[in-house]
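Me: I am new to this structure and would like to learn how to read its features one at a time. Could you give the general idea first and then the case at hand?

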Number of protein chains: 2
Amino acid sequence: MKRRVGKMEIKIVRDVLEKNKELAVQVRARLRKKNRTMFNLMGSPGCGKTALLEKLIPMLKSDELRIGVIEGDVATLNDSLRLQELDVPIAHISTERFGSTCHLGANVVLGALELLEDENMDLVFIENVGNLICPAEYDTGAGGNIVVISVTEGEDKPLKYPQIFHKTEVAIINKIDLVEPVGADLNLLKENIRKVNPSSKIFEISARSGENMEPLREWLQERHGELLIDRK
Amino acid sequence: MKRRVGKMEIKIVRDVLEKNKELAVQVRARLRKKNRTMFNLMGSPGCGKTALLEKLIPMLKSDELRIGVIEGDVATLNDSLRLQELDVPIAHISTERFGSTCHLGANVVLGALELLEDENMDLVFIENVGNLICPAEYDTGAGGNIVVISVTEGEDKPLKYPQIFHKTEVAIINKIDLVEPVGADLNLLKENIRKVNPSSKIFEISARSGENMEPLREWLQERHGELLIDRK
């Protein structure tokens, strides 16, 4: 009985993933048409995804680079209300309306991009639902995938949740201002990220104190340019 | 297209939940037969579920109360290796073998209980997969459901992830030794838990420092006794 249920679940997941892949292709086509790039931010609840965007967006915003956000949450508009202060276009996805799903699929991202169609945006951030497992399974159509992990979560998390670290090209270690009170071992955390994904780029920042944000800003700006060139 | 995929997903989830419910009934029957109670610990990655068990189990263990653990993780045996030090029976579930599922269903809990059948146990803890969303959907057959949230995760999490706070009878606020460096507002966090679940019992502890663990131990012991009486 146990195995049968196990197999049934896997089959269902495959069907959904197949459909998701098709929709991710549509997301990419829509971004290309508008000359936009998109980054998908993933991470546990409370790892600091929203705080990161609060710090990062004012640093990135300029006449040449216009930012937009797709905000995903199970419930509440809290994160979008916080980001509204930054005066950027936001599409909020409340997954409560989709069976409280624990991730953003390409279907809802496509809908969000449709809503943002006429906004002035060059670079779009997806803030995915707070979850270190499920979002890794779903291609959103984003050109770049980023995982945020805070030092309070423990050094072994890349090994325990390998899929998301494997799928992402960048790992942002957040809350480095808390390394001392937590007693965190930054080197061990980085070592574990590299065990899972040797080519992962790693940034060590504090979204609260603003420490080390500049290299991350530079990388995002460069990567935005590269992604635009890549697809030409 | 978007809605159709949404609806499809919901239908699938219902099928799986129906099957899960049947298996949870079997879990309860198996526990009853052996005069055992079971508590299901849920929470984000790094909220301190394993650290809590490391502190709690030696406090609970006695000739009268024998403890067992069902340990759920996507990958690695790390948590079970840590708890092995406590000399208690452990069944480890690696969800990588079940499509890397993001929660423990009654199917795998039933399998774990079968493996532990002949162990000397009165009270079984499930340490669920680190995830603040999906485990809330699945009845494991446990008599008590507990959510662990650490002060580093932010005061708004009960509002943003309401299902799990709604489903659990106890919320354990962990890492209170970090309230000051994090700048956390404990009263606001408690207020938000009660907004979602007014009858939730709340414990404020530090699994690291051992602060305030005694009231939690007492409650678990009492609740174990109540659950045994309830089903007679």
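Reply: Let us begin with two neighbouring strands: β5(A) and β6(A) run parallel and are joined by 5 bridges, where strands (E, at least two residues) and helices (H or I, at least four) are DSSP runs numbered from the N terminus, and two strands pair if DSSP finds at least two bridges between them. Within this pairing, Ile149(A) has Ile173(A) in β6(A) as its bridge partner. This is a predicted model, in which local features need pLDDT of at least 70 and side-chain atom pairs count only at pLDDT 80 or more, while totals for chains, interfaces and linings use all residues. Residues are numbered from 1 along each chain as its sequence is written, chains are lettered from A and ligands numbered from 1 in the order in which they are written, and side-chain values use heavy atoms, with hydrogens and water left out.

Me: In what order do the strands of the sheet in chain A stand?

Reply: The 7 strands form an open sheet in the order β3-β2-β4-β1-β5-β6-β7 of chain A, with parallel pairing. Because β3 (90-94) and β7 of chain A stand at the edges with a single partner strand each, one side of each is left without a neighbour in the sheet. Neighbouring strands of this sheet are turned by 20 degrees against each other on average, direction ignored; axes here are lines fitted to C-alpha atoms, for helices over the stretch in contact, and angles run from 0 to 180 degrees between N-to-C directions.

Me: Which strands of chain A does α2(A) touch?

Reply: Helix α2(A) packs on the sheet and touches β1, β2 (67-73), β4, β5 and β6 of chain A, and its direction makes about 170 degrees with that of β4(A). Contact here means heavy atoms within 4.5 Å.

Me: How do I read the sides of a helix, and which residues of α9(A) are buried?

Reply: An α-helix has 3.6 residues a turn, so residues three or four places apart point the same way. In α9(A), the buried residues (under 20% relative accessible area; exposed is over 50% and partly exposed in between, with a 1.4 Å probe and protein chains only) are Met213(A), Leu216(A), Arg217(A), Trp219(A), Leu220(A), Arg223(A), His224(A), Leu227(A) and Leu228(A). Seen down the axis, these buried residues fall within an arc of 170 degrees, so they line one face of α9(A); the arc is that of the directions from the helix axis to the C-beta atoms. They pack against β1 (37-43), α2 (49-60), β4 (123-127), β5 (144-150), β6 (170-174) and β7 (201-204) of chain A. Glu226(A), also in helix α9 of chain A, is partly exposed, with a relative accessible area of 38%.

Me: Which residues does α8(B) bury, and which are exposed on the face turned away?

Reply: In helix α8 (residues 186-196) of chain B, the buried residues are Leu186(B), Leu189(B), Lys190(B), Asn192(B), Ile193(B) and Val196(B). Their arc, seen down the helix axis, is within 160 degrees, so they line one face of α8(B), whereas the face turned away from the buried side carries the exposed residues Asn187(B) and Lys195(B).

Me: How many residues of β5(B) are buried?

Reply: In β5(B), 7 of its 7 residues are buried: Gly144(B), Ile146(B), Val148(B) and Ser150(B) point one way, and Asn145(B), Val147(B) and Ile149(B) the other way. Strand β5(B) is joined by 5 bridges to β1 (residues 37-43) of chain B, running parallel, and also pairs with β6(B) in the parallel sense over 5 bridges.
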